[in-house]
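Here is a short report on charged side-chain contacts. Have the model open as you read along.

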Amino acid sequence: MSAPLFAVDLAVRWSDLDAFDHVNNARFLSYVEEARLAWFDGLDAPWMDAAVAPLLASIQMDYRRPITWPATVRVELHAQRIGNSSLTLGHRLVDAGDPDRLYGEGHAVMVWIDRASGRPAPLPACIRAAAGTPAG
């Protein structure tokens with residue numbers, strides 16, 4: 001697999017665990033959300049404003065193995081597809097100290113919308129540039 005577009009390490013918190021003493025499956029999605037927002041926040045131009053904002057249209061996760069505490073998870077993001085108003089980001093959750101230890105993988109589709117109309121809006125130029133792939 002190619003180098004990630006973005007990666008961030010996140011510490012597993014005790015409160016992330018469920019009754020089975022491993023990270024609850026919903027927390028995997030929270031980790032991906034934190035990584036996405038960290039990537040967006042690190043861009044050199046606005047990715048949303050009063051007129052345009054991204055919405056999560058779809059998210060998919062394949063769970064490969066449980067995450068136990070203590071652990072540090074690395075969330076890797078990969079640009080899979082850039083459309084006119086959408087971005088599909090692949091994600092992988094791996095052990096920060098052992099990237100061959102895969103916890104989960106999948107993808108999320110973000111669609112930028114016009115806040116006033118609720119209709120799709122053009123993908124911001126900074127997102128298109130940061131993702132590094134052509135439209136289509």
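Is Asp62 buried, partly exposed or exposed? Asp62 is partly exposed, its relative accessible area being 31%; here buried stands for under 20% relative accessible area, exposed for over 50%, and partly exposed for what lies in between (1.4 Å probe, protein chains only).

A word on the basis: this is a predicted model, in which local features need pLDDT of at least 70 and side-chain atom pairs count only at pLDDT 80 or more, while totals for chains, interfaces and linings use all residues. Residues are numbered from 1 along each chain as its sequence is written, and side-chain values use heavy atoms, with hydrogens and water left out.

A salt bridge is counted when a side-chain nitrogen of Lys or Arg lies within 4 Å of a carboxyl oxygen of Asp or Glu. That rule gives six salt bridges, among them these:

| Pair | Closest N and O atoms |
|---|---|
| Arg13 and Asp16 | 2.9 Å |
| Asp16 and Arg27 | 3.4 Å |
| Asp62 and Arg64 | 3.6 Å |

Arg64, the partner of Asp62, is partly exposed at 46% relative accessible area. Elsewhere, shared partners join Arg13, Asp16 and Arg27 into one network.

Asp16 sits in the loop between strand E1 (6-11) and helix H1 (25-41), and Arg27 belongs to helix H1, so their pair ties together parts 11 residues apart in sequence. Helices (H or I, at least four residues) and strands (E, at least two) are DSSP runs numbered from the N terminus. Arg13 is partly exposed at 41%, and Arg27 is partly exposed at 29%.
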